[in-house]
Amino acid sequence: MWAALAPAIMAAAERLFASAWNKSLQAAVAVLGYLVATALHVALFVVVFWPIYGSGLANPLAMVAPVLLANFDKAAVAYAGLMIAVLIRRRLRQRPVAAEPAPERRESEGLWIRVGAGSRLVRFQEIDWIAAAGDYAEVHAGGRSLLMDRSLAALTGELPADFARIHRGAIVRLDRIREIRNLGRGDANVVLQGGHTLRLSRRYRDNLAGLIAR
C-alpha cells in the first residue's frame, strides 16, 4: 500500500520543502501530512483487502480500527522514511561538485547554477523573475525554472539595476513587466510579458515607483 502511495507523498513533500514557508511551518504541515497519509493507507487497504479479510465483519468500516491499530507504528516509520528520502534527495541535488573544476566565472554576466554534475551560466537578460523556495531561489528563465542554493535575500545584492524585489518571495526583471494592476491599499498585481502574474506588496512598492508613475 505504501509503495502505491509513495510517489504522490514524495511529490507533495518536494513541493512543501521547496515552498517559501519557514522550517517550523513546513515541519507542522509535514506532521499533519502523516495523518492524511495514514488515513489514505488505511482506506486503500480496506478497499483492496475487504473481499479477503472482511468475511467475518459486518461492513468495510469495521475493518478500519483493526487495520489502523495494526499499522499505526509501521505507517509512522514508512512516512518518516519517505520524508527523509526527499530531504536527502534535495541535499544531493544541491551538493558542491568537487571532481570537476568550476569554469571561469564572470559574475557580471549572470548567475551560475548547478545542473546535474556541472554548472551553467544563466545570463541576466535571460531571467524573467526569481522566486523564493525556502532556503533556495528558483530562477525562471525562458520557460525553465532552475533551483539555486542561495536565498532570495542573498541574491538581491548581486543582481544589476534591471531587477527589483516586489515581494518577500519574488524578484522581477523590470523589462519583463507588461502591466501593473492596482489592488488598493498599496498592493498590486504585476503581469509579466509571458502572462505570469506576481504580487507587488506595499513594502516593495517604491522599487517600481518609476513604472507606476507612468
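Residues 24 or more positions apart account for 43% of the contacts in the chain with a separation of 6 or more, where contact means heavy atoms within 4.5 Å. This is a predicted model in which local features need pLDDT of at least 70 and side-chain atom pairs count only at pLDDT 80 or more, whereas totals for chains, interfaces and linings use all residues. Residues are numbered from 1 along each chain as its sequence is written, and side-chain values use heavy atoms, with hydrogens and water left out. The chain has five helices and ten strands, these being DSSP runs numbered from the N terminus (helices H or I, at least four residues; strands E, at least two). Of its 214 residues, 36% count as buried, that is, under 20% relative accessible area, with exposed meaning over 50% and partly exposed in between (1.4 Å probe, protein chains only).

- Leu159, when residues up to four places away in sequence are not counted, touches Leu111, Phe124, Ile130 and Ile171.

- Ala13 has its place in helix H1 and, at 4% relative accessibility, counts as buried.
- The C-alpha atoms of Ala13 and Gln26 are separated by 9.3 Å, while the two residues lie 13 residues apart along the chain.
- Glu14 also lies in helix H1 (residues 2-17) and is buried, with a relative accessible area of 15%.
- The contacts of Glu14, again not counting residues up to four places away in sequence, are with Val86, Arg89, Arg90 and Arg93.

**Strand pairing**

- Strand E1 is joined by six bridges to strand E2 (residues 118-123), and the two run antiparallel; strands are said to pair if DSSP finds at least two bridges between them.
- Within this pairing, Ile113 stands opposite Arg120 in E2.
- E1 and E2 form a hairpin with two residues between them, and Gly116 in the turn has a positive phi of about 65 degrees.
- Strand E6 (residues 163-167) is mostly covered, since four of its five residues are buried.
- E6 pairs with strand E7 (residues 170-173) in the antiparallel sense over four bridges, and the bridge partner of Arg165 in E7 is Ile171.
- A hairpin through two residues joins E6 to E7.

- Leu198 is found in strand E10 and is buried, with a relative accessible area of 7%.
- Leaving aside neighbours within four places in sequence, Leu198 is in contact with Trp129, Ile166, Val172, Ala188, Asn189, Val190 and Leu192.
- Leu198 and Ile177 are 21 residues apart in sequence and, C-alpha to C-alpha, 10.0 Å apart in space.
- Ser201 is found in the loop between strand E10 (197-200) and helix H5 (209-212), and this residue counts as buried at 14% relative accessibility.
- Ser201 is in contact with Ile166, His167, Gly186 and Asp187, leaving aside its neighbours within four places in sequence.

**The largest pocket**

- The largest pocket has a volume of about 450 Å³, a volume being the space filled by probe spheres set on grid points that are joined across faces, edges and corners.
- A pocket is an open set of points, on a 1 Å grid over the protein atoms alone, where a 1.4 Å probe fits, with protein on both sides within 12 Å along at least five of seven lines, and lining residues have an atom within 4 Å of a point.
- The lining consists of 22 residues, of which Phe17, Lys23, Gln26, Gly134 and Asp135 lie nearest the centre of the pocket.
- Helix H2 (23-53), helix H3 (64-94), E3 and H4 each supply at least two residues of this lining, and H2 gives the most, with four residues.
- The lining residues divide into eleven nonpolar, five polar and six charged, where Ala, Val, Leu, Ile, Met, Phe, Trp, Tyr, Cys and Pro count as nonpolar, Asp, Glu, Lys and Arg as charged, and the others, Gly among them, as polar.
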